[in-house]
Amino acid sequence: MVFGQASTAAISGVVRDPSGAVVPGVMVTVKHVESGLTRTVVTNETGSYSVQLLPVGAYEIRTDLPGFKQEVRRGVNLVVGQEAVVNLTLEVGAAAELVTVTGEAPIVNTTLAST
């Protein structure tokens, strides 16, 4: 069976703590900057998250877990058919504290149909 190229993209990754250990149970919210559309997922037991069927465009990724600073990653730009791998590292601290990463995020392209 052959499927045509979808007009959507995806973001996935692994959330770790400063020691490199995976962190399950982290709420990861991805927000489409232009439309304000948000999707929230929770990392699994291996610290992995995946958000599929996202409209293309610019995204902001935000983490939330008690005992860790909230991380905000900006500058994630998705194109059609892309699965961006955005790994995150949480810093220990109060959730009210914010770690903001701005600019082009280093993204590993695992599946880009138009190479």
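Leaving aside neighbours within four places in sequence, Leu 78 is in contact (heavy atoms within 4.5 Å) with Ala 9, Ala 10, Ile 11, Leu 54, Val 56, Gly 57, Tyr 59 and Ala 84. The model is predicted, so that local features need pLDDT of at least 70 and side-chain atom pairs count only at pLDDT 80 or more, whereas totals for chains, interfaces and linings use all residues. Residues are numbered from 1 along each chain as its sequence is written, and side-chain values use heavy atoms, with hydrogens and water left out.

The chain has 10 strands and zero helices, where strands (E, at least two residues) and helices (H or I, at least four) are DSSP runs numbered from the N terminus. Residues 24 or more positions apart make up 63% of the chain's contacts with a separation of 6 or more.

Strands are taken to pair if DSSP finds at least two bridges between them. Strand β2 (residues 27-32) pairs with strand β5 (residues 57-64) in the antiparallel sense over six bridges; Val 30 has Ile 61 in β5 as its bridge partner. Strands β5 and β6 also run antiparallel, joined by five bridges, and the partner of Gly 57 in β6 is Leu 78. These two strands, β5 and β6, form a hairpin with five residues between them, and Gly 67 in the turn has a positive phi of about 95 degrees.

Buried denotes under 20% relative accessible area, exposed over 50%, and partly exposed in between (1.4 Å probe, protein chains only).

Val 15, in strand β1, counts as buried because its relative accessibility is 0%. Its contacts beyond four places in sequence include Val 28, Tyr 49 and Leu 90. Val 15 and Leu 90 are 75 residues apart in sequence but 7.1 Å apart in space, C-alpha to C-alpha.

Arg 73 lies in strand β6 (residues 70-78) and counts as buried because its relative accessibility is 9%. The side chain of Arg 73 reaches the backbone oxygen of Asn 87 at 3.2 Å.

Terms used:
A polar contact is a pair of N or O atoms within 3.5 Å; within protein, one must be able to donate a hydrogen and the other to accept it, and residues adjacent in sequence count only if both atoms are side-chain atoms.
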